[in-house]
Amino acid sequence: MGKSIIEKIWDKHVVYEEEGKPDLLYIDLHLVHEVTSPQAFSGLRMKGRKVRRPDKTFATMDHNVPTDNRSEIQDKVALNQMTTLEKNCHEFGIPLAGIDSPDQGIVHVIGPELGLTLPGKTIVCGDSHTSTHGAFGSIAFGIGTSEVEHVLATQTIWRAKPKTLKIDISGTPNKGVTAKDIILYILSKHGFDFGTGYIIEYCGEAIRSMSMDERMTICNMSIEGGARAGLVSPDETTFSYITGRKFAPKGEELAKAVAEWRELASDDDAVYDKTIEIHAEEIAPMVSWGTNPAMTSRVHERIPYLSDCKNEIERKSLQNALSYMGLTEGQRIDDIHIQHVFIGSCTNSRLEDLRQAAEIVKGKQVHSNVRALVVPGSQQVKKQAEEEGLHRIFTEAGFEWRESGCSMCLSMNNDIVPAGEHCASTSNRNFEGRQGTGARTHLVSPIMAAAAAIYGKITDVSAMMPEEAVK
Amino acid sequence: MSAFTKITEKAAAFDRANVDTDQIIPKQFLKRIEKTGFGRFLFNDWRYSPDGEPNPHFELNRPENAGAKILIANENFGCGSSREHAPWALLDYGFKAIIAPSFADIFYQNSLKNGLLPVTLDAEKVAQLLQKAEHENYELTVDLENESIFDTSGFKAHFSIDPYWKKMLVNGWDEIEITMQLDEYITVYEKAQ
Ligand code: SF4
């Protein structure tokens with residue numbers, strides 16, 4: 001019987017096993033940021049412990065950094081977290097891409113970009129969207145602060161071997177359908193917990209023809225379906241992305257690594273605990289209308305009716321969601337008016353996302369009722385986008401062009417959506433209060449966000465695209 | 001971490017599904033660099049009205065729930081962000097155990113690591129408990145050693161928990177200490193790379 005990539009990576013990383021215990025798993029890369037690490041470092045200090053492998057640890061600051069003026073940081077509490085991270089990295093010898101570094105950015109954007117994220121690695125970070133790195137064929141998952149401390153001290157983590165879930169996506173996506181729409185569609189169809197206890201492997205035609213940026217978008221939102229990790233078997237697309245990256249192996253070393261990575265891909269006869277099949281043709285541009293990412297519909301559909309709910313729990317959560325969102329049952333999705341647009345976050349802030357959005361925005365104007373933001377995922381993305389002139393397309397249309405960070409994805413800095421207002425957002429979570437107290441989030445793709453910015457309401461972007469549209 | 005063996009405490013009904021960690025502890029409170037002091041921000045956006053006064057309709061503000069140490073909630077408790085501030089806030093507020101039909105995976109792990117006991121019970125049993133806990137001063141016993149939950153008015157249920165975690169909680173052990181005793185295995189692994 002063949003093995004899946006999940007089993008192959010897992011088995012290679014077990015340091016210690018004992019009956020009745022989870023496996024002790026070795027961690028190849030530990031990414032650290034300012035919000036979930038201070039208590040871990042102080043824990044180490046209290047016990048007089050060291051960081052076992054600073055060389056396998058890499059830090060940046062992203063969650064609460066300002067994205068407008070960085071010369072003077074107003075929020076003193078946030079500043080304290082940033083300087084605490086600097087001090088901790090200095091004391092424990094951990095490399096840091098700080099606020100002024102050309103490598104700074106959202107932790108899940110810079111890992112791949114710097115060539116730290118590689119196939120076959122086990123990767124953790126104190127952030128649930130660590131699943132993003134799975135796009136490279138690695139097992140990558142979010143951990144809590146106690147575990148951050150544990151990994152810092154021991155370079156290992158205790159984990160029971162997860163079950164495996166194969167999601168096979170066949171066919172070719174329709175016009176206007178992006179990787180974001182595919183993952184939102186999976187969530188809308190299978191709910192917010194279909195992946196609990198599993199690691200997902202995304203396979204099939206649609207995945208194979210995707211770029212790395214697109215695969216990252218898909219893997220990123222695995223956690224929204226309850227799966228800690230989601231991955232894609234590496235292939236030529238993966239290897240060519242990695243080639244030439246700052247910390248990636250080079251020359252002969254790279255050739256040797258690529259040969260090993262090829263072996264990682266799941267065997268044809270690998271067996272999974274569960275399989276889900278998706279046909280890309282079923283998918284249209286998607287929009288979330290509720291308060292969890294599974295409360296999502298196709299743009300031409302209507303919000304469900306209360307009478308369609310299967311049980312009392314479902315009815316109650318629909319009712320709560322509608323009252324929070326200020327929407328009504330049966331309302332048309334493309335009747336939702338938008339006051340804010342956010343293009344950014346570790347789901348959709350990479351160069352391709354910005355390119356695609358710019359293509360829609362080009363030569364048009366942001367609607368007068370809308371405030372629109374583009375927040376590149378990293379300083380590198382920002383620089384490349386500026387070299388291509390994308391920033392000019394956005395600013396001329398009326399978008400704000402910002403410095404890199406998490407920004408309005410969780411609104412820990414002052415990029416906030418006011419109570420009661422609607423935001424078309426390319427981020428990954430639409431929970432109550434996520435973008436500000438009372439803020440109403442609609443999760444969409446970058447091109448759908450661009451369309452909403454122009455029309456001031458949810459709009460089917462596919463109608464705006466030429467026949468030979470960019471994907 | 002203090003040991004958890006058996007508690008008999010007041011239980012509060014919290015009949016909500018999909019309670020996410022953004023609600024348990026909203027992000028504006030994540031900028032602290034300590035582990036303590038999060039309790040007063042627990043459920044902040046639900047618990048206080050916009051003027052900062054306690055919202056009288058919020059479950060935990062009802063007088064009958066004052067001092068509750070056990071929380072009974074509905075499915076998928078703790079979904080969303082991996083922030084460990086969620087169990088810290090629940091613990092700091094005074095909770096020792098959460099009972100629900102299901103928990104989000106990361107929240108479940110984070111709770112165990114901090115000595116907050118997540119108890120998974122089937123939905124029917126949880127529904128019974130939710131009803132019972134509507135009454136004033138409803139007390140419940142959570143016996144981790146015997147993996148059972150009971151009250152004095154006939155409710156009894158068995159729950160199961162991973163034996164590894166049970167041992168850790170019952171003894172109040174520090175996981176890092178245990179792993180460090182396996183140092184030679186880690187070193188051997190590293191040498192082989
Ligand atoms: S962009 Fe959003 S989801 Fe991604 S790491 Fe930052 S806060 Fe988390």
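At what angle do helix 12 and helix 14 of chain A pack, and how far apart are their axes? I shall answer that in a moment, after a word on conventions. This is a predicted model, in which local features need pLDDT of at least 70 and side-chain atom pairs count only at pLDDT 80 or more, while totals for chains, interfaces and linings use all residues. Residues are numbered from 1 along each chain as its sequence is written, chains are lettered from A and ligands numbered from 1 in the order in which they are written, and side-chain values use heavy atoms, with hydrogens and water left out.

To the answer, then. Helix 12 (residues 351-361) and helix 14 (residues 390-397) of chain A pack at about 45°, with their axes 9 Å apart. Axes here are lines fitted to C-alpha atoms, for helices over the stretch in contact, and angles run from 0 to 180 degrees between N-to-C directions. Helices (H or I, at least four residues) and strands (E, at least two) are DSSP runs, numbered from the N terminus. Helix 12 and helix 14 of chain A are therefore oblique to each other; angles under 35 degrees count as roughly parallel, over 145 as roughly antiparallel, 65 to 115 as roughly perpendicular and the rest as oblique. On the side of helix 12 of chain A, the residues that meet helix 14 of chain A include L351(A), L354(A) and R355(A), contact meaning heavy atoms within 4.5 Å. The residues of this contact divide into 9 nonpolar, no polar and 1 charged. Ala, Val, Leu, Ile, Met, Phe, Trp, Tyr, Cys and Pro count as nonpolar, Asp, Glu, Lys and Arg as charged, and the others, Gly among them, as polar.

A second pair is helix 2 (residues 38-47) and helix 3 (residues 76-92) of chain A, whose axes come within 10 Å and cross at roughly 40°. Helix 2 and helix 3 of chain A are therefore oblique as well. Their contact has 5 nonpolar, 3 polar and 2 charged residues.

Let us turn to the ligand. Among the residues around it are H63(A), H108(A), D127(A), C406(A) and R434(A), each with a heavy atom within 4 Å of it. By class, this shell has 5 nonpolar, 5 polar and 2 charged residues.

Chain A has 15 helices and 19 strands, and its C-alpha trace spans about 55 × 55 × 50 Å along its principal axes. Chain B has 8 helices and 7 strands, with a C-alpha trace of about 60 × 45 × 25 Å along its principal axes.
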